Amino acid sequence: MFLMMAEVLELKNVSQAIPTSEFWKFLAWHQTHVPWAGCTLHDLIQPSFSFLVGVALPFSLAHRTTAGSSRGRLILHACWRAFLLTALGIFLRSMGKSQTNFTFDDTLTQIGLGYVPLFCLGLVSQRWQWAALIVILVGYWGAFVAYPLPSAEFDYAAVGVPADWPYHYQGLAAHWNKNSNLAWAFDTWWMNLFARPEVWKFHPGGYATLSFIPTLGTMILGLIAGGWLKQTASAWQKVLWFVLSGVVLLSLGYALHLTGICPSIKRIWTPSWILYSGGWCFLFLACFYAVIDAAGWQAWAYPWRVIGANSIVAYCLAHGSEHFIASSFQTHLGPQIFQIFGAAYEPVVAGFVVLLVWWLILVWMFRQRVLVRI
């Protein structure tokens, strides 16, 4: 959540203003998404968020079951939560639009679309969870392979892909080319079922509604990790499980990408991306669990606990209040207030101020025990 909120720092603009700086170039690269295949730190935000939804589920189920909730009531609550997450995602994507912008490819809607199946899997043993994951990995891969490749006359320019696009794969990997794959074909039908100003032809970034299916795979990995966390093994033994799982998943995902069996593409959440990003999620979990739970070093994490305690509020703050906060400072303190270190650093200074205001709002909510949950 912090990395997502930190987009407001606009490191790419700083890097462009100081093109000779490798430092700012490195930071800017990891605050942007790769064009198609590959991975930056920024690309791991959505998988981490999805993964943690799965991690939290066993603890949520245990708490609600102990409180006396029946299975039927739990499932109804899961359906309501899924609806709210999907609706909130659409609402935030519609801000500033002339009408409701029905899109289903952002983090909240993707989680919402897969939440009920995830919840049902949380009610069964890990054997069934692993089985569901394998079905998603193999089935989603097979579905893309079965969808026919476009003809030689296919007009890529008409779907927003330039002729010199460097990610035009050949052979088996071509089944995952941008805006000519199964998920794109589905959206050319699905997206046009909803009222919109003009006919939907393609997503400029190649994102797709059907990605909620493999996103469910990432959430299942988190569900499995959450089940391991609830076991009675020692903390350091759990850390070992997470590290080994992370290394294995990373290796499998990377191998599938290198061999061309399945390129690792976050934007359409390919099966290899489930494995590769899931490996990073396990390694992140191992690191934080080792430091915070096993070693007991907790005080340093307070700034991030504040954000995590109200992650939905943090998400909403980062999708609508940036301009209001920044312009308010300029109105009352002068239009050049953010240029105190020079014009090149104006974006990062303005972003830091906005980020600080957001964090102070979340600190106040945390201290007042105002915790917004869906």
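The model is predicted, with local features needing pLDDT of at least 70 and side-chain atom pairs counting only at pLDDT 80 or more, while totals for chains, interfaces and linings use all residues. Residues are numbered from 1 along each chain as its sequence is written, and side-chain values use heavy atoms, with hydrogens and water left out.

**Pockets and cavity**

Spaces were searched on a 1 Å grid over the protein atoms alone: a cavity is a set of points where a 1.4 Å probe fits but cannot get out, and a pocket is an open set with protein on both sides within 12 Å along at least five of seven lines. Lining residues have an atom within 4 Å of a point. Points are joined across faces, edges and corners, and a volume is the space filled by probe spheres set on them. Helices are DSSP runs (H or I, at least four residues), numbered from the N terminus. For the classes, Ala, Val, Leu, Ile, Met, Phe, Trp, Tyr, Cys and Pro count as nonpolar, Asp, Glu, Lys and Arg as charged, and the others, Gly among them, as polar.

The volume of the largest pocket is about 2,400 Å³. It is lined by 50 residues, of which Leu52, Ala56, Gly308, Ala309 and Ser311 are the closest to its centre. Elements giving two or more residues to this lining include helix 1 (2-5), helix 4 (45-66), helix 5 (71-93), helix 6 (107-121) and helix 11 (271-294). Helix 4 gives the largest share, 13 residues. The lining divides into 36 nonpolar, seven polar and seven charged residues.

The second largest pocket holds about 790 Å³. Its lining has 26 residues, and the closest to its centre are Met4, Glu7, His33, His42 and His319. Helix 1 and helix 4 each supply at least two residues here, and the largest share, three residues, again comes from helix 4. By class, this lining has 10 nonpolar, eight polar and eight charged residues.

One cavity of 30 Å³ or more is found in the whole structure, and the largest cavity has about 40 Å³ of space. Among the residues that line it are Gln46, Asp105, Tyr207, Lys266, Arg267 and Trp269. Three of the lining residues are nonpolar, four polar and three charged.

**Nonpolar cores**

A nonpolar core is a set of buried Ala, Val, Leu, Ile, Met, Phe, Trp, Tyr and Cys residues joined through side-chain atoms within 4.5 Å. Buried means under 20% relative accessible area, exposed over 50%, and partly exposed in between (1.4 Å probe, protein chains only).

The largest core has 79 residues, and Leu118, Ile220, Phe242 and Leu362 have the most contacts inside it. Helix 15 (residues 346-367) contributes the largest share of this core, 11 residues. Leaving out residues up to four places away in sequence, Leu118 touches Val53, Gly54, Leu57, Leu216, Met219, Ile220 and Leu223, where contact means heavy atoms within 4.5 Å. A second, separate core has 21 residues, including Ile90, Phe144, Ile265 and Ile268.

**Aromatic pairs**

Rings of Phe, Tyr and Trp (its six-membered ring) pair if their centres lie within 6.5 Å; planes under 30 degrees apart count as stacked, over 60 as edge-to-face and the rest as tilted.

| Pair | Centre distance | Plane angle | Type |
|---|---|---|---|
| Phe102 and Phe194 | 4.9 Å | 25° | stacked |
| Trp273 and Tyr276 | 6.3 Å | 35° | tilted |

Phe102 is in the loop between helix 5 and helix 6, and Phe194 in the loop between helix 8 (182-190) and helix 9 (212-229), so their pair ties together parts 92 residues apart in sequence. Phe102 is partly exposed at 25% relative accessibility, as is Phe194 at 22%. Trp273 and Tyr276 are three residues apart in helix 11, and are therefore separated by about one helical turn. Trp273 is buried at 0% relative accessibility, and Tyr276 is buried at 18%. One aromatic cluster is formed by Phe51, Trp228, Trp241, Phe242, Phe282 and Tyr289.

**Positive phi angles**

Asn179, although not a glycine, has a positive phi of about 50°. Asn179 lies in the loop between helix 7 (126-146) and helix 8 and is buried at 2% relative accessibility. Trp269, a residue other than glycine, has a positive phi near 50°. Trp269 is placed in the loop between helix 10 (235-259) and helix 11 and is buried at 1% relative accessibility.
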